[in-house]
Amino acid sequence: MMTALCRAWRPGLAMPLALAAIGGALAGEALPAATGMGLALLGVLLLLGAMLARATGWTGRRGLVGGGLCLLVAAWCALVLAHDRAGRLGEALAGQEFRLRGVVENLARDGRRTRFELGVTRCEALAQDIACPPLGRVRLSWYADNTLVAGERWVLTARLRPPLGFTNPDTFDYAAWLRRERIHALGYVRATETAQRLAPAAFSLRQAALDSLAEVPMSALGKRWLAALTLGAGAGLTSDDWALLNATGTTHLMVISGLHVGMVAALVLWLLRRLARWLVPDAWRLTGWPWAGAALAAFAYAGLAGFAPPTLRAALMTAIGLWVASGRHAPGWWQAWWLALALVVITDPMAPWLPGVWLSFTAVAVLILAWSGRPRPRGVRGWCLALLRTQWLLAPVMAAAVLLAFGRLAPAAPLINLLAVPVVGSLMVPLGFCGWLLVAWPMLAGWVWAPFDLLARSVAAALAWSAQVVPLWQPAAWWHWPLALALLLWALLWLLPGLATTLRLWGGVLLLVSVALLRAPLLPPGTLVVTVYDVGQGQLVELRSRHQRVLVDAGPRFGSGFMPLTLLWPPDQHFDAVVVTHSDRDHAGGVPALRAQHRVDRWWAPRGNTLGLPSRPCVAGEAWRADGASWRFLSPPADAEALSRNDRSCVLLVTLGSRRVLITGDAGVAIERHQLLPRLGVGRIDLLVAGHHGSATSSAPSFVAATRPREVVFSSGRGNPFGHPRPAVVARFQAVGSRIWNTAYDGAVRFVLSASGIEVETQRHPGWSRRATVDAGDVGVESSP
């Protein structure tokens, strides 16, 4: 059988298959939205694959068969992802209730809330006039006491919404994460009394092992790390665990990855080859079954970890690596790399969108480059030098990849990994597995796991110390590409063969000097950038000129304590001024996080607020100038104590040249009539952040007619219970020719105002402003030209 497979193998097979699989996956993501574009992309990539096949000698009848295989692979990947897209809950079904039947997965409890995923096997819409989409997995919250257990089958009623989250520039994209995880809807359980358990969880060796950990005499940290390292139960790690791992660049050590699967395979291979040497001493080097046994062990380990996509990818890559290392009719390393990529994408067509996939394949590619043509290390000294050289070459490439993928850089990661990888891989993982082998004898298992627990606590303490000495760096977005390119060029200087050492050293010095000379880009004079962030039902606006950075409001704080502001920037940002329009939680909820994480020169807030800020009172007429712009408060009046909390809102007018930006907070129609209109003077407003999120208590017809704003943005939450923005308010702005935006649908909206015009960028395309109709009553909303 191996001989037949070898004969069927040709040098040009792997790359076209991998490109066809990636092309099909890309087309599958594009097909529902733009069928023609998706098909065109598929055709182009298939043609490219055929050209590559021909260039590598894959011609004639074999080329025809290969082309058909590429077409089949591309069609498979495209259909899988097209079907996945069809299963995502559409906007028209937001807020509807469905009767769901399925299997409980990925269960986590947080106070009174239980968050879990449900693998849906049957779905029924409770409303008579709608149909349920082909849902696959939904992510639900249950705000009531329950007895959920992972693996159980339940039937329950849930109110669902599309799988979307906040969408802001240069931040974590929750919607993209949900798409990568193939979660088709979000929601929460309704009518708890109608929920019913249909069947208990089937026996799972992995779950039984996790349950038995409760009785093990170990520290809580030791139990979490043991479960993560040996069973792939990363969900049990706390947020503090992840923060520590991210800060030290050691996240890959605590999830089952190629490192762990490869170690298991290597250990099994060593044992089986020793057995083969004893059984067939004259031909043990020629036996193939030890290599096959090691590959089976890799897949068995992946199965023990639940065949999660990362472990399955690691098992596939390990099996192909074993085939190449065996030398039995095997492809070369680069051909194996393409073959592994093809198999990974075929088994999971969502793989091209997973950062972990490209991190893994990038690391393997660097290792191939680093060791191609080099002899195998010998002796302890040789292996130590090999480890140092590998880390020296791999560290900058992986740092660049992590920086581009996640926006963070752990400066001490290379040195930490140099020490932590041997400790975790050579000591902790074997101890963990030995303990599981002895778990039937708790005393013996305890003796084995005691040093594991000690090592876990020692490693955690060392990581915490190193994170304090050399903290995690989250550079501003403008740093990412220049710094990543510098790291990649540094790695290439040492990876490429034949370069003189002098050239490498001087090239490295030149790169260091270039990075040191980088400076943050400044806005051109006379430019004002206004970003209205997507924070749900609340408001947070950032205004930047050449040397000024001002915030208006801090966004909401939810009942769980979560503040969207914490997701927007790395810590230790500097703001020249922060204006808190009033003390409502949807405007001032993020103030605690702002004070704890960032530096603010001046605070402004209305008199009588309950925020406890060292703030100056914003009073009509107060103003300052910076970068040629005037920053002036139009309200509240000096005698505002008798006004309601909303009407005491700070109203800020920013004027730069001929451009005017107005932010009114939650001020009502009386304030608009008596305070704002007399002070605004003549002329249109270029940008208006609509009052009170589009409520009918603001944006009176007289105010809209007098200001005639060119751009209007509503900062509101999708599906909010208040009906913001009100259809009548939207219609008023449309009547005067305003172009309308809504953070609930457009995501964050960024306006660049200058003398030459106004440029607008949204985070969602298409957003609310580009829809022919909007789910907001019977009002149609369109962008004005």
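**Reading rings, helices and loops**

Visitor: Is Trp436 buried or exposed?

Guide: Trp436 is buried, because its relative accessible area is 14%, and anything under 20% counts as buried. Please keep in mind as we go that this is a predicted model.

Visitor: How many aromatic pairs does a search of the whole structure find?

Guide: The general idea first: two numbers describe a pair of aromatic rings, namely the distance of the centres and the angle of the planes. Searching the whole structure turns up 20 aromatic pairs. One of them joins Trp436 and Trp449, with 4.9 Å from centre to centre and 75° between the planes, an edge-to-face arrangement. This pair links distant parts of the chain: Trp436 belongs to helix 15 (residues 413–437), Trp449 to helix 16 (residues 442–469), and the two are 13 residues apart. Trp449 is buried too, at a relative accessible area of 2%.

Visitor: Why is the pair of Trp473 and Trp479 edge-to-face?

Guide: Look at the angle: planes over 60 degrees apart count as edge-to-face. The planes of Trp473 and Trp479 stand at 75°, so this pair is edge-to-face, with ring centres 5.3 Å apart. Trp473 is partly exposed, at 33% relative accessible area, whereas Trp479 is buried, at 15%.

Visitor: Which residues do ring pairs link into a cluster?

Guide: Trp334, Trp337, Trp338 and Phe361 are linked in this way. Arg549 lies over the face of Trp569, 5.6 Å from the ring centre, and Arg602 lies over the face of Trp624, 5.1 Å from the ring centre.

Visitor: Which residues are buried in helix 18?

Guide: Arg504, Gly507, Gly508 and Leu511 are buried there. These four cover an arc of only 100° around the axis, which means they lie on the same side of helix 18. The buried residues of helix 18 pack against helix 17 (477–495). On the face turned away from that buried side, you will find the exposed residues Thr502, Trp506 and Leu510.

Visitor: And the loops? Where is Arg88 found?

Guide: Arg88 sits in the loop between helix 4 (60–87) and strand 1 (97–110). The side chains of Arg88 and Asp84 are joined by a polar contact of 3.1 Å. Setting aside residues up to four places away in sequence, Arg88 touches Glu29, Arg179, His184 and Met350.

Visitor: What is Ala696 in contact with, leaving aside its neighbours within four places in sequence?

Guide: Ala696 is in contact with Arg726 and Val729. Its place is in the loop between strand 17 (687–689) and helix 22 (701–707), and Ala696 is partly exposed, with a relative accessible area of 48%.

Visitor: Which residues does a cis peptide bond join, with omega about 10°?

Guide: To read a peptide bond, look at omega. The cis bond with omega about 10° joins Ser635 and Pro636. Pro636 lies in the loop between strand 14 (629–635) and strand 15 (651–656). The bond from His724 to Pro725 is also cis, with omega near -5°, and Pro725 is in the loop between strand 18 (711–714) and helix 23 (727–735).

Visitor: What is phi of Asp170?

Guide: Asp170 has a positive phi of about 60°, although it is not a glycine. Asp170 lies in the loop between strand 4 (153–161) and helix 5 (174–180) and is exposed, at 64% relative accessible area. Asp572, also a residue other than glycine, has a positive phi near 70°. You will find Asp572 in the loop between strand 9 (549–552) and strand 10 (574–579), where it counts as partly exposed, at 49% relative accessibility.

Technical notes:
Residues are numbered from 1 along each chain as its sequence is written. This is a predicted model: local features need pLDDT of at least 70, side-chain atom pairs count only at pLDDT 80 or more; totals for chains, interfaces and linings use all residues. Side-chain values use heavy atoms; hydrogens and water are left out. Rings of Phe, Tyr and Trp (its six-membered ring) pair if their centres lie within 6.5 Å; planes under 30 degrees apart count as stacked, over 60 as edge-to-face and the rest as tilted. Buried means under 20% relative accessible area, exposed over 50%, partly exposed in between (1.4 Å probe, protein chains only). A charge sits over a ring if NZ of Lys or CZ of Arg is within 6 Å of the ring centre and within 35 degrees of the ring normal. The arc is that of the directions from the helix axis to the C-beta atoms. Contact means heavy atoms within 4.5 Å. A polar contact is a pair of N or O atoms within 3.5 Å; within protein, one must be able to donate a hydrogen and the other to accept it, and residues adjacent in sequence count only if both atoms are side-chain atoms.
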